[in-house]
Amino acid sequence: MKKFLVSFLAVFLMAGFTYAADDVNLQELKKQIQDLQQQVDMMSNFVNKNTRHTAQDKLNLSVELRTRLDSIQYKNLRRLNDFSSDMMQLWMSDSLIGVNDANGDQWNDDFVGTYMADFGTLMQKPEIVNMLVSQGAPNPQNDPQGYQQFAMETFAGMLGDRNITNQELNGITTAFKNIDPEKADSNNDMMFTNKLRIRLSSKINNHVSFSGRLTMYKAFGEATDVRFYNGNFNSMHLDGNSASVPTDDSVHVERAYFVYKNRLGPVDWHFSFGRRPSTYGPPMGMHENAVQGGSPLAHIIQWNFDGGSLGFNYEKYFDTWDLASMLKFCYGQGFEGQWGTANPFNAQADVNDVNMFGIIAKLAVNGKYELWYNWAHAYGVTDGFTGLVAMPFTVHGTDYTLDGKYDEYTLEPNYRQHLTGQGVITTKQSNRNMRSPRAAALAMTGKRRHYDRAFNALSARSVLVS
C-alpha cells in the first residue's frame, strides 16, 4: 500500500510538472497568436485601403516636361526702312507736319533734310504719279518743280493730323505700298523653352471615359502672355494658340473632353464633346518625338477649339492583311461672336459665330502604315479673333453720314510704346464675318526600324470661298 501511494504521488507530481510546462507553452503560443493576429489585421487594413484607393480613384495623372533649345535665324527679312519708320513715328507723335518748320513748307525740317532724296524717289513711282496727276498735279516731265511742290503740299495735308478720310487713306496706302522694304538678317541665337504637359485620364465605366491635358509653354525669362503685334496670329494671345506659343508660366486647359463608346454589330462607334484634341495631330507627333494624340492633320489644323465628334472604327482581317479603318465627323466653334464682345452694343457690327465642320479618315495596314485624309470647312471666318496684344497704335472709325461705312479714321498712337517700349495691352476683336475657307490634306505615315516617320506627306491645299 505504501509503495502504491509513493508511486501515485510520483505520477501525480510528474503530471503536475508536465501540466505546468504545457501551461507555460500555451500562454506563449496564445501571445504569439495574438501578435500574429495584430500583424495580420494591420496588413489587412493596409491592403484594404490601397485596394479601395485603386478601385475608387477614377483619375490617372502623368507628367511630361521638355526643355528645348532653339536657334532662330531670319535671312533677308523684310521690314520698314529708316525713311518710312521715322515718318510713321513722327506722324504718330504729331511731329511730322507743322513742327520744326523754319522754311515754311509745313514739313519737319530735320525730316526733310534727312530724307528729301527718299521722298523725291517715292514721288516718282508710276502709281503715285498717276494718283497725284489725277488730283491736279502738273506732269512731272513738263514741270518737275511744280509737281514736287504739289506732292509735298498734298501729303502734308494727308499727314497733317491723325484723322484721315477715305481718300487720304487710299493715298497713304498707295504711298507706303510703293516704299521698297529693307532687307535684313535677324538672329535669335539661343532661345530656351520649357513645356510642361499634365495628362489626365479617367475611365468612368466600360462606355464613358474622360481625357484632358493641362499645358504650360514658357520661354525662359518671359513674364507675360501678351506680345507685341508683328502681323501674325502667333503674336496675339488667342483661344486657339494659348497652349502652342511660348509665353509665361500660365497653365492652360489644352484639352478636356469625354468620350462615350459602344458597338453596333462589327463597328465600334464613339461620341465625344468638350475641348478638342485639335493640336499636334499626325505627323506633328514626330516633330515632338512623341505621340500627342491630336485628331486632325497638323498640315491644316493646329488650333485649339471647342466642339464634338462622332466616329466609327472597323477592323477586317485577311490572310496576310490587317486593315483598320476610322471615319470621324467633327464640329467645332472657332469664335463666339457676341458674348464678351462689344458687338451687341454696336449697330454697325454684324458678327456671327464661326462654326467649323470636318471629316477625318484613316486606313491602317498591319499596324505599320497609315493613310490619312482630312477635310475641313469653316463658315463665316471673321476679320479677327478676340484676344490680347500690344499694338503700336489703334484705329477708330467714324461714320458721319450714317450709311454703315466709315468716313474718317483716327489713329491713336500707343505713346508708352513710342516713349518707353512698353505697349499698353489692348483687346482685339472682330467686326464682321468675311469668308468661308476650306482645306484638305492627305498624308501617309509608316514605321521603319522601330522609328515613326512620315515618309510621304502631301502638302495641304486650301481654297477660299465666299
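The contact involves Glu 127, Ile 128 and Met 131 on H4. On H6 it involves Gly 171, Thr 174, Ala 175 and Lys 177. Contact here means heavy atoms within 4.5 Å. I sorted the H4–H6 contact residues by class and got 3 nonpolar, 2 polar and 2 charged. Ala, Val, Leu, Ile, Met, Phe, Trp, Tyr, Cys and Pro count as nonpolar; Asp, Glu, Lys and Arg are charged; the others, Gly among them, are polar.

**Ground rules**

The model is predicted: local features need pLDDT of at least 70 and side-chain atom pairs pLDDT 80 or more, while totals for chains, interfaces and linings use all residues. Residues are numbered from 1 along each chain as its sequence is written, and side-chain values use heavy atoms, with hydrogens and water left out.

**The chain overall**

I noted 8 helices and 18 strands in the chain. These are DSSP runs numbered from the N terminus: H or I of at least four residues for helices, E of at least two for strands. The chain has 466 residues, and 31% of them count as buried. Buried means under 20% relative accessible area, exposed over 50%, and partly exposed in between, with a 1.4 Å probe and protein chains only. I also checked sequence range. Among contacts between residues at least 6 apart in sequence, 65% join residues at least 24 apart.

**Helix pairs**

Back to H4 (residues 126–134) and H6 (residues 166–177). Their axes come within 9 Å and cross at roughly 155 degrees. Axes are lines fitted to C-alpha atoms, for helices over the stretch in contact, and angles run from 0 to 180 degrees between N-to-C directions. H4 and H6 are therefore roughly antiparallel. The cut-offs are under 35 degrees for roughly parallel, over 145 for roughly antiparallel, 65 to 115 for roughly perpendicular, and oblique for the rest.

Next I took H2 and H3. Their axes come within 10 Å and cross at roughly 120 degrees. That makes H2 oblique to H3. The crossing of H2 past H3 is left-handed. From H2, the residues that meet H3 are Asp 82, Phe 83, Asp 86, Met 87 and Leu 90. Their partners in H3 are Phe 111, Tyr 115, Asp 118, Phe 119 and Leu 122. By class I find 7 nonpolar, no polar and 3 charged residues there.

I followed Phe 83, which sits in helix H2. Phe 83 is buried, at 4% relative accessible area. Not counting residues up to four places away in sequence, Phe 83 touches Phe 111, Tyr 115, Asp 118, Phe 119, Leu 122 and Ile 179. Phe 83 and Phe 111 are 28 residues apart in sequence and 8.8 Å apart in space, C-alpha to C-alpha.

The last pair was H5 and H6. Their axes come within 10 Å and cross at roughly 115 degrees. This crossing of H5 and H6 is left-handed. Phe 155, Gly 157 and Met 158 of H5 contact Glu 168, Gly 171, Ile 172 and Ala 175 of H6.

**Nonpolar cores**

A nonpolar core is a set of buried Ala, Val, Leu, Ile, Met, Phe, Trp, Tyr and Cys residues joined through side-chain atoms within 4.5 Å. The largest core has 32 residues; Trp 91, Trp 107, Met 123, Ile 128, Leu 132, Phe 155 and Leu 159 touch the most other members. H2, H3, H4, helix H5 (144–158), H6 and strand S14 (408–413) each supply at least two residues of this core. Apart from it lies another core of 8 residues, among them Met 236, Val 354, Phe 385 and Met 391.

Most residues other than glycine have a negative phi, and most peptide bonds are trans. I found a cis peptide bond between Pro 282 and Pro 283, with omega about -10 degrees. Pro 283 is in the loop between strand S6 (267–275) and helix H7 (284–287). Tyr 280 lies in the loop between S6 and H7. Tyr 280 has a positive phi of about 60 degrees and is buried, at 4% relative accessible area. Gln 106 has a positive phi of about 80 degrees. Gln 106 is in the loop between helix H2 (82–92) and helix H3 (109–123). Gln 106 is partly exposed, at 35%.

Methods. Left-handed = near helix turned anticlockwise from the far one by under 90°.
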